[in-house]
Amino acid sequence: MEEMVFQIGPIRPPSEANSLLLRVTVNCPWNRCKFCMLYKNTIFIPVPLRK
């Protein structure tokens, strides 16, 4: 059985709430914004393809 892991979803504006979201990465690739503390101490990784 595969272990389920909780991940924080992407942060996006309310105006995009009803749009389709295709998640292809985990965490933030930039991770240098002075105002954002959400992704600090996290590693950016692409989501592996599932067969």
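What share of the contacts in the protein chain with a separation of 6 or more comes from residues 24 or more positions apart? Those residues account for 18% of such contacts. Keep in mind as you look around that this is a predicted model.

**The chain as a whole**

- Let's begin with the secondary structure: the protein chain has two strands and zero helices.
- The radius of gyration is 13 Å, while the globule rule gives 10 Å for 51 residues, so the protein chain is more spread out than a compact globule.
- If you follow the C-alpha trace along its principal axes, you will find that it spans about 40 × 30 × 15 Å.
- Of the 51 residues in the protein chain, 4% are buried.
- The accessible surface of the protein chain is about 5400 Å², and carbon and sulfur atoms make up 64% of that surface.

**The largest pocket**

- The largest pocket holds about 260 Å³ of space.
- Its lining includes Glu2, Glu3, Met4, Val5 and Gln7.

- You can find Lys40 in the loop between strand S1 (25–26) and strand S2 (45–46).
- Is Lys40 buried, partly exposed or exposed? Its relative accessible area is 28%, which lies between the cut-offs of 20% and 50%, so Lys40 counts as partly exposed.
- Apart from its neighbours within four places in sequence, Lys40 is in contact with Asn31, Arg32 and Cys33.
- Lys40 and Asn27 are 13 residues apart along the chain, and their C-alpha atoms are separated by 9.2 Å.

**Two asparagines with a positive phi**

- Most residues other than glycine have a negative phi, which makes the next two residues worth a look.
- Asn31, one of the contacts of Lys40, is not a glycine, yet it has a positive phi of about 50 degrees.
- Asn31 sits in the loop between S1 and S2, and it is partly exposed at 24% relative accessibility.
- Asn41 is not a glycine either, and its phi is also positive, at about 60 degrees.
- Asn41 belongs to the loop between S1 and S2. With a relative accessible area of 82%, over the 50% cut-off, Asn41 is exposed.

**Ile43, also in the loop**

- Where is Ile43 found? Ile43 is in the loop between S1 and S2.
- Ile43 has a relative accessibility of 64%, so it counts as exposed.

Definitions and conventions
Residues numbered from 1 in each chain as written. Predicted model: local features only at pLDDT ≥ 70, side-chain atom pairs only at ≥ 80, totals over all residues. Heavy atoms only, no water. Helix = DSSP H or I, 4+ residues; strand = E, 2+ residues; numbered from the N terminus. Rg over C-alpha atoms; globule rule 2.2 N^0.38 Å. Buried < 20%, exposed > 50% of the residue type's maximum accessible area, 1.4 Å probe, protein only. Contact = heavy atoms within 4.5 Å. Areas by Shrake-Rupley, 256 points an atom, 1.4 Å probe, with all protein chains shown as cover. 1 Å grid on protein atoms, 1.4 Å probe; cavity = no way out; pocket = protein on both sides within 12 Å on 5 of 7 lines; lining within 4 Å. Points joined across faces, edges and corners; volume = space filled by probe spheres on them.
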